[in-house]
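Trainee: I would like to go through the terms used for this model and ask what backs each one.

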Amino acid sequence: MKFKTRLLITFFTIILLPLTLAVTAFLAIGNYLLKEQEEYGFRNSDYNVLIDPTQASRVMSDEIFFEVKDRLADDPDALEDEEVLESINDRIAGKSSYIIIRRNGGLYYTGNEVASSQIFDRLPDFEEDNIDSEISQSIYYDDMKKQVRQMDFYFGDGSQGSFFVITRANPLISRKLFVDMAISIMVILFFTSLFLTQWIAKGVFDPINQLNKAMQNIAEGNLEYMLPDKQDGEIGELYRNYEDMRLRLKESTDEKILAEKQNKELVSNISHDLKTPITAIKGYVEGIMDGVADTPEKIDKYIKTIYNKANDMDRLINELTVYSGIDSNRIPYHFHKINVSEYFGDCIEEVGLDLESKNIALNYSSLISPDTLIIADPEQMKRVINNIIGNSVKYMDKEKGEIDIRILDEIDSVRVEIEDNGKGIVARDLPNIFERFFRTDASRNSAQGGSGIGLSIVKKIIEDHGGYIWATSREGEGTCMHFVIRKYQETQD
């Protein structure tokens, strides 16, 4: 729920809930107090009698007295009709009131026998001066908590009559009502505050505490702690932002851990691969120094071997340099227009001599137009060819090795295929060979060695040239590397 909605609900709850409960409490308490009076034969359905009994009694009795005077003016015997008296009494019976008719000092009629027996002997005497008076006599009996209004008159036969309106006017009821209502309002406000506090705590403070706990886990390095995605509004949005942050931090941390692992593996691989040629170089140098190479032919062989091992070391160091460039995306490129036939012809000559010394036959075929051009960096493209052929040589398991290089025309592009007859790659490893540090040989003690970054460098260079590369292989039969480079086409004006 949004904070704005929550505040509106809180605002209206603070106003409406206490008001509703206060009205309910007033009605309940008022009804209870009114029922208490029934013990004395009184009934009340008018809350004015509770709030201001004196004023209520005066208004009510004046209305009755005016009516009675009008009746007596028309018919002096009107108050001798019991039905008329019952009718008048019924009208005020619901207002904690009743009437008493006194005739010649004796009780002629009463609307409440129980209550009238207590007060009849204390009623004021008949006074002839009150007959024509417009102000009715009013007496309050404090010990009985009753308000008495008196109107004197003569019956038709001339006998003295007094008409009394008796109202139960207990001020304690009003005070008790006030005290009870005050207590009720305090209870209502307490429970309203408690309800709103619990509601706000559950909707605001609990989620914030959960978020605080989550942030503490982040600070302690625990990126696995997840917040429940069950909130809506601003809290829900905050939770989702936290989850996005957590996932990005986790991804960044995982990448950092992976990079550190790969760097350690790279250092280990390079160290292993450097150790082999260094050991060989030391051995051949010691042979020359100790006179083991005692003929010009042996000396020439030892020097060539030292030279080849130094080249291997140089290649490994170059791979490490290129790898650092890949990691920072800063491989230096110098693009030129290159004639494909001429370029690959030169490469074949250079590579062929080295392969011939290793008893590996190199076959070359070009099926493209002699004037076909591409835009490429000659040095980086040479690195691609050398890395692919180097892998073929490294994993060659045949006595008579063969490497075929084919240049194919694909209309807008040139496809280069470099295929060998080595031991091939198992199907499960084929999708992973271009990943950094992936090695098909399971043991670092294998004769092939290698840093595991050669093909990842090849893929990066080809992609930076706007091309793509893939491999096909059959285990035991050989592997073929395919890469495609778009042709250069002159723009026509």
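Mentor: We take the terms one at a time, and keep in mind that this is a predicted model.

Trainee: Why is S97 called buried?
Mentor: Buried means under 20% relative accessible area. S97 has 4%, so it counts as buried. S97 lies in strand β1.

Trainee: What makes the link between the side chains of S97 and T167 a polar contact?
Mentor: The cut-off for a pair of N or O atoms is within 3.5 Å. The side chains of S97 and T167 are joined at 2.9 Å, so the distance meets the cut-off.

Trainee: How do you know that β3 and β4 pair?
Mentor: Pairing needs at least two bridges. β3 and β4 have five, in the antiparallel sense, so they pair. S138 has R149 as its bridge partner in β4, and I139 has V148.

Trainee: What makes β4 and β5 a pair?
Mentor: Again the threshold is at least two bridges. β4 and β5 have nine, so they pair, also in the antiparallel sense. K146 is bridged to R168 in β5. Five residues separate the strands of this hairpin, and G158 in the turn has a positive phi of about 90°.

Trainee: Why are β2 and β3 called edge strands?
Mentor: The sheet is open, in the order β2-β1-β5-β4-β3. β2 and β3 each pair on one side only.

Trainee: What makes β4 mostly covered?
Mentor: Eight of its nine residues are buried.

Definitions and conventions
Residues numbered from 1 in each chain as written. Predicted model: local features only at pLDDT ≥ 70, side-chain atom pairs only at ≥ 80, totals over all residues. Heavy atoms only, no water. Helix = DSSP H or I, 4+ residues; strand = E, 2+ residues; numbered from the N terminus. Buried < 20%, exposed > 50% of the residue type's maximum accessible area, 1.4 Å probe, protein only. Polar contact = N/O pair within 3.5 Å; in protein donor to acceptor, adjacent residues only side chain to side chain.
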